[in-house]
Protein chains: 2
Amino acid sequence: MPELSAQELADGVRSGDRRCLARVLSLVENGGAGVRSVLPKLATDARQRSAAGSVAGSVADHGARVIGLTGSPGAGKSTATGALIAAFRQRGERVAVLAVDPSSPFSGGALLGDRVRMQDHATDPCVFIRSMASRGQLGGLAAATPMAVRVLDAAGFGVILIETVGVGQAEVEIASTADSTVLVVVPGMGDSIQAAKAGVLEIADILVVNKADRPETQVTVRDLRSMIALSAASSAAAAWKPPVVTTVATSGEGIGDLVRELDRHWSWLTASGELDRRRATRARDEVLALAFGAIRERLAGSLLDDLAAQVADGRLAPHEAADNLLAAVLAQGAVLLA
Amino acid sequence: MPELSAQELADGVRSGDRRCLARVLSLVENGGAGVRSVLPKLATDARQRSAAGSVAGSVADHGARVIGLTGSPGAGKSTATGALIAAFRQRGERVAVLAVDPSSPFSGGALLGDRVRMQDHATDPCVFIRSMASRGQLGGLAAATPMAVRVLDAAGFGVILIETVGVGQAEVEIASTADSTVLVVVPGMGDSIQAAKAGVLEIADILVVNKADRPETQVTVRDLRSMIALSAASSAAAAWKPPVVTTVATSGEGIGDLVRELDRHWSWLTASGELDRRRATRARDEVLALAFGAIRERLAGSLLDDLAAQVADGRLAPHEAADNLLAAVLAQGAVLLA
């Protein structure tokens with residue numbers, strides 16, 4: 001593949017060229033300078049289309065619907081993802097899957113082997129599956145995932161599934177890039193307690209008890225419902241009550257119910273204005289993280305080291321050091337941005 | 001207890017008054033304005049002592065030795081913590097324990113019940129035990145823990161044990177406040193794999209297989225050693241090879257070995273300069289987090305919202321928005337700091 005310009009890559013993404021899409025997603029994953037040149041081209045296209053007037057008539061264009069799936073390894077997320085691909089394909093949607101693995105580099109290989117379960121769809125030109133691994137830097141993946149979603153959205157996919165491996169703070173962060181977050185657990189309370197401890201229960205919009213042909217299924221469903229009730233009681237404004245769905249993903253049983261709940265959640269998101277609120281909050285966090293990252297890069301110098309040394313040996317309180325640092329950053333603002 | 005000034009509270013902490021210490025730790029936990037007035041007083045004291053000349057002679061004063069213990073619920077961290085308290089007390093050290101629970105609010109109560117296992121030491125005036133719970137905001141605990149350590153250091157404790165509940169990204173963050181981090185697992189690979197996935201293995205300086213009277217102990221030890229070897233191979237500069245210790249914390253078996261490895265690690269930390277490097281890095285991260293928090297607070301206004309809205313609907317690339325935001329922050333620097 002010859003070296004393409006940022007504009008050519010952006011045009012390729014827009015026109016559905018899979019090689020261009022793969023190339024741009026690699027730029028996103030690597031987080032280098034390349035992504036800084038391509039993403040603005042995609043945004044410019046969006047501005048031009050927006051300025052040229054809405055094409056779709058009166059219906060608001062929400063772009064791609066982003067669905068996150070999270071849960072412990074072995075819970076059946078990949079099988080569920082495969083079943084969801086099939087369900088959305090039947091409706092004629094183009095579907096993209098981001099399989100994000102924020103676990104340690106040396107456990108990554110085996111877990112990504114699960115991807116083979118989605119290979120039923122590998123030859124379907126309307127399905128695009130992509131793995132992203134952490135390569136050691138957690139913050140990197142959390143920053144890369146929303147950008148990758150934006151690229152897939154620009155490429156015209158109607159549904160984007162984000163699958164994360166495991167339950168932990170990193171997975172919570174990545175899953176919360178989604179409009180609807182699905183937590184997949186297996187019968188038995190281990191998974192649910194892990195999820196509760198990691199804070200996943202709080203962000204789950206739909207809970208799936210997979211492998212529901214196992215005996216403890218109904219107990220697990222009941223326990224999850226009381227955990228949700230407890231959790232909801234602590235947040236007064238909970239207008240959406242997360243439903244619990246049972247599935248046997250390998251046979252497809254219950255996948256119809258899951259799709260129905262996903263549709264119901266999507267209707268609620270769009271009708272209540274919650275979709276716009278969530279997306280605006282995510283964009284705000286993303287912009288702040290990038291701005292802070294830029295400040296951090298420019299602060300590698302000696303002032304920060306000097307202040308940190310004084311904090312480390314107790315001669316300066318951390319708040320005092322932060323105030324000093326801020327004053328210095330703001331005083332030399334023009335220099336920092338140069 | 002009457003209302004005390006910041007200086008009186010700081011003096012109380014320095015002189016070992018437990019009520020003042022408890023009060024200041026509550027200020028730290030709540031994260032309000034109170035902590036901003038007391039911590040600088042403690043730092044001023046340190047500056048004055050430092051200016052008055054070193055008292056301890058030629059030996060460098062490293063302050064309190066901070067040891068973190070992390071691992072899944074039920075692994076036996078609290079029992080191990082209790083055994084370590086006893087071991088360090090036998091040497092005449094004053095010991096403080098911070099039991100930090102970053103899990104969801106509604107699972108917190110039960111887990112903190114483990115604290116009773118440390119109550120053997122509750123009446124010892126040279127032992128101070130304090131729980132800190134998340135109350136919903138994760139970032140808050142990650143910010144509060146290093147400050148609490150600094151307060152306990154100022155109160156003259158020679159050893160500070162930080163115990164976290166569970167293994168996840170939040171626990172990794174809190175455990176990394178320590179100079180030496182101990183990961184406690186039980187025989188069987190579930191714990192170890194969870195720890196690896198959460199990135200705890202990478203930050204563990206010492207691994208403990210507790211409940212080592214169980215049959216799978218030796219297999220677990222061997223597996224952990226190969227996981228460490230794999231992990232170490234990926235970081236070339238690993239001068240410290242984390243040892244694996246087996247214990248039966250309830251009977252005290254192996255605790256002597258654990259203390260020996262902790263001492264060996266402390267010697268390595270101080271002799272290699274790694275201690276100063278770690279503490280400086282932590283202080284730098286802490287100062288940056290506070291500075292960014294201050295910027296974030298001041299950025300609640302409409303510019304960020306406007307930029308975020310454009311990013312959310314694809315009309316602006318996130319990097320472009322971040323650049324615009326930075327330019328605005330720096331341009332109105334004086335206003336922001338006022």
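This is a predicted model: local features need pLDDT of at least 70, side-chain atom pairs count only at pLDDT 80 or more; totals for chains, interfaces and linings use all residues.

Q: Why does A:His265 count as buried?
A: Buried means under 20% relative accessible area. A:His265 has 0% relative accessibility, so A:His265 counts as buried.

Q: Where does A:His265 lie, and which residues does A:His265 touch?
A: A:His265 lies in helix α11 (residues 255-272) of chain A. Leaving out residues up to four places away in sequence, A:His265 touches A:Asp179, A:Ser180, A:Asp205, A:Ile206, A:Trp240 and A:Arg278.

Q: Why is B:Leu42 called buried?
A: The cut-off is under 20% relative accessible area. B:Leu42 has 5%, so B:Leu42 is buried. B:Leu42 is in helix α3 (residues 33-51) of chain B.

Q: What does B:Leu42 touch?
A: Residues up to four places away in sequence are not counted. B:Leu42 touches A:Gly314 in chain A, and B:Ala10, B:Val13, B:Arg14, B:Val151 and B:Ala154 in chain B. B:Leu42 and B:Asp11 are 31 residues apart in sequence, with their C-alpha atoms 8.0 Å apart in space.

Q: What makes α4(A) largely enclosed by the rest of the structure?
A: Eleven of its 14 residues are buried, so α4(A) is largely enclosed. Among them are A:Lys77, A:Thr81, A:Leu84, A:Ile85 and A:Phe88.

Q: Why is α4(B) called roughly perpendicular to α11(B)?
A: Angles of 65 to 115 degrees count as roughly perpendicular. Helix α4 (residues 77-90) and helix α11 (residues 255-272) of chain B pack at about 70 degrees, with axes 10 Å apart. That angle makes α4(B) roughly perpendicular to α11(B). Their crossing is right-handed.

Q: Which residues meet where α4(B) and α11(B) pack?
A: α4(B) brings B:Ala83, B:Leu84, B:Ala87 and B:Phe88. They meet B:Ile255, B:Leu258, B:Val259 and B:Leu262 in α11(B).

Q: Which residues touch the most other members of the largest nonpolar core?
A: They are A:Leu21, A:Val151, A:Leu152, B:Leu21, B:Val151 and B:Leu152, out of 106 residues in that core. Beyond four places in sequence, B:Leu21 touches B:Val13, B:Phe128, B:Val151, B:Leu152, B:Ala155 and B:Phe157.

How values were computed: Residues are numbered from 1 along each chain as its sequence is written. Chains are lettered from A and ligands numbered from 1 in the order in which they are written. Side-chain values use heavy atoms; hydrogens and water are left out. A nonpolar core is a set of buried Ala, Val, Leu, Ile, Met, Phe, Trp, Tyr and Cys residues joined through side-chain atoms within 4.5 Å. Buried means under 20% relative accessible area, exposed over 50%, partly exposed in between (1.4 Å probe, protein chains only). Contact means heavy atoms within 4.5 Å. Helices (H or I, at least four residues) and strands (E, at least two) are DSSP runs, numbered from the N terminus. Axes are lines fitted to C-alpha atoms, for helices over the stretch in contact, and angles run from 0 to 180 degrees between N-to-C directions. Angles under 35 degrees count as roughly parallel, over 145 as roughly antiparallel, 65 to 115 as roughly perpendicular and the rest as oblique. A crossing is left-handed if the near helix is turned anticlockwise from the far one by less than a right angle, and right-handed if clockwise.
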